[in-house]
Each structure stands twice: as structure tokens, then as C-alpha cells.
Amino acid sequence: MAKSLDKKDIKRAAVTWWLTSHLTYNYQRLQAGGMTTVMGPLLNKMYEGDKEEITDGLQRHMLYFNTEPRLGAFLPGMVVALEEGIANNPTEEIDKSMVTEIKTALMGPLAGIGDTVVAGLLKPIVLSVTLGWASQGQIWGAFAFGIIFTLMDFAMTYGMFTQGYKLGMDSIDRFLEGPFIKKMTSFLGIVGLFCLGVMIVKYVSVQAVLEVKLATTTLSVGETLNKIVPSFLPLAFTFLAYWLQVKGQSVTRVLLVLFAIGFLGGAIGVLG
């Protein structure tokens, strides 16, 4: 008779996933080692004494697996619930390959969502704030990023894993089709743009020093542009760099273009 998992088992599994999802990362199986590390103690408890079932489960989870480890922790949590359901209903004819098929089908979409929200939005936002502190000579700014993001990382991973287990098979449908992802992505996108605007004003230093002498006054091109759009030239240079990268130019080439514009503009007295 298979045993059910308790809250301690799930909490321990969530922490194990957080610690090991990339600990044995390799290009042959990617996160399979971490997933198997999570499932090992659970399979031992669910199939106590049944070496054949335990071995079969370990082999099943050593197959290729890769997803975003934080928001994507939904999937390992759901898989634990599915494995527990299979173990506790041996009379029902459930094809165990379904576990592998579900992991294969969903690991990509969840990775895309997780990478967009975490790597594309959350991490740059935290980094932009802590870099500002560090650039002002505050050494604790360098440590702040590691501490803040580690706490966020654990909270997201633990929360998503346990929610995935609680909701079971319905979790992925609710997660993908519900309004949470759209609202969160929109919110973080707005915050990200706000931080980008602050960084442009604070860290992109380009000024137009050209002055045009008129009949009765001297017109400063830089001041005039800034009256039309605040920080006009820093914003223009930022958009130029973005446009060049969208067109497929390498970072090195973008930097060379910006250097050439700055050098020539300074040489002829237009930029300063």
C-alpha cells in the first residue's frame, strides 16, 4: 500500500528543488538530475520497499528536463502531485509515461513565461536600483542585490512549487489561462520602463554644446532640445543603441558607432 505525502515532504521537496535545480545542470539532461533529487525521497516513501517501482520512477525523471526554475517550479510541484496520485491508485490503469509527456509539453511554455518575468523584468529592476547605490560609493549596494534577489528567488520558487502541488493537474490551466500572468507582466513592464527612464536621465550623459549666434541673442541648441523633450540627446542615443541591436548589430558594433558619433561630435564642437 503506497503512502501519502505530508506537508513536511512537500516543503522539503520545494526547498530541494530550489537548491538543486541547477546544481547538477548539464547539457545532456539539463535539470533532470535536480528533478530526480527531488523525487528520490518522495518515491522511497510512496513505494516503501518496492525497489522496482522506485527504480522505474527514478529512471522516468532522469530523462531530459528543463524549465525556468522559479515560476516554472509550478511544473515539478504538479508532477509530485501526479506521481502521488498514481502511487495511491494502483488499481487504475494510468500510463506512467503520461508524467514524462506532461513535463515535455509544459516545460517550454513555463520557461518562456518565467524567463520573461524573472530574467527580463524582475532581475533588471532590482539590479538597476542596487547599481545606483553601488555607483554612489555605497559598498552595501553590491551585497543588497544578492540578498534581495536571493530572498525573492526563494519566495517565488517555494510558493510556485507548493501551489503547483496543491492545485495538481488544474494548476497549469489556471496559471496559463488566468489573469495573473497578464496582470503581472503588464505591471512589471510599466515598472521596468519607469526604471529605464530614470537610468537614461541619470547615467547617459550626452549634451549638445553647439551655440548659434542670432542678431540679438545666442541660442543654445542643448537647452532648446531639452525644453522640447527633457534629456533629449540621452534618450535619442538610447533609442539609437536599441534600434541597432534590433537590426541585429552586435554589442561591440553598437559601442563603436556610439564612440564614433561622440568622438566626431566632440571634435567639431557639437557634443560635449
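This is a predicted model: local features need pLDDT of at least 70, side-chain atom pairs count only at pLDDT 80 or more; totals for chains, interfaces and linings use all residues.

Modeller: Residues are numbered from 1 along each chain as its sequence is written, and side-chain values use heavy atoms, with hydrogens and water left out.

Colleague: How many helices and strands does the protein chain have?

Modeller: Helices (H or I, at least four residues) and strands (E, at least two) are DSSP runs, numbered from the N terminus. Along the sequence the pattern reads α-α-α-α-α-α-α-α-β-β-α-α-α. The total for the protein chain is 11 helices and 2 strands.

Colleague: What percentage of the residues of the protein chain count as buried?

Modeller: Buried means under 20% relative accessible area, exposed over 50% and partly exposed in between, with a 1.4 Å probe and protein chains only. Of the 272 residues, the buried share is 36%.

Colleague: What share of the contacts with a separation of 6 or more joins residues 24 or more positions apart?

Modeller: A contact means heavy atoms within 4.5 Å. Among contacts in the protein chain with a separation of 6 or more, the share from residues 24 or more positions apart is 71%.

Colleague: Which residue forms a salt bridge with lysine 45?

Modeller: A salt bridge is a side-chain nitrogen of Lys or Arg within 4 Å of a carboxyl oxygen of Asp or Glu, and a search of the whole structure finds 7 of them. For lysine 45, the closest N and O atoms of the pair are 3.2 Å apart. The pair links distant parts of the chain, 39 residues apart, with lysine 45 in helix α2 (residues 32–46) and its partner in the segment before α1 (7–20). That partner is aspartate 6.

Colleague: Is arginine 70 buried or exposed?

Modeller: Arginine 70 meets aspartate 153 in a salt bridge of 2.3 Å, N to O. Aspartate 153 lies in helix α6 (residues 140–167) and arginine 70 in the loop between α3 (51–61) and α4 (74–87), so the pair ties together parts that are 83 residues apart in sequence. Arginine 70 also forms a salt bridge with glutamate 68, at 2.9 Å between the closest N and O atoms. With a relative accessible area of 16%, arginine 70 is buried.

Colleague: Where is phenylalanine 143 found?

Modeller: Patches are made of residues with over 30% relative accessible area and no salt bridge, like charges being joined within 9 Å and nonpolar side chains (Val, Leu, Ile, Met, Phe, Trp, Tyr) within 5 Å. Ile139, Trp140, Phe143, Ile147 and Leu151 make a nonpolar surface patch of about 610 Å², with areas from the Shrake-Rupley method and a 1.4 Å probe. Phenylalanine 143 is exposed, at 56% relative accessible area. Its place is in helix α6.

Colleague: Which helix gives the most to the positive patch?

Modeller: Lys and Arg count as positive, and the place of a charge is taken as NZ of Lys or CZ of Arg. The patch gathers Lys7, Lys8, Lys11 and Lys166, of which lysine 11 is partly exposed at 45%. With 3 residues, the leading contributor is α1.
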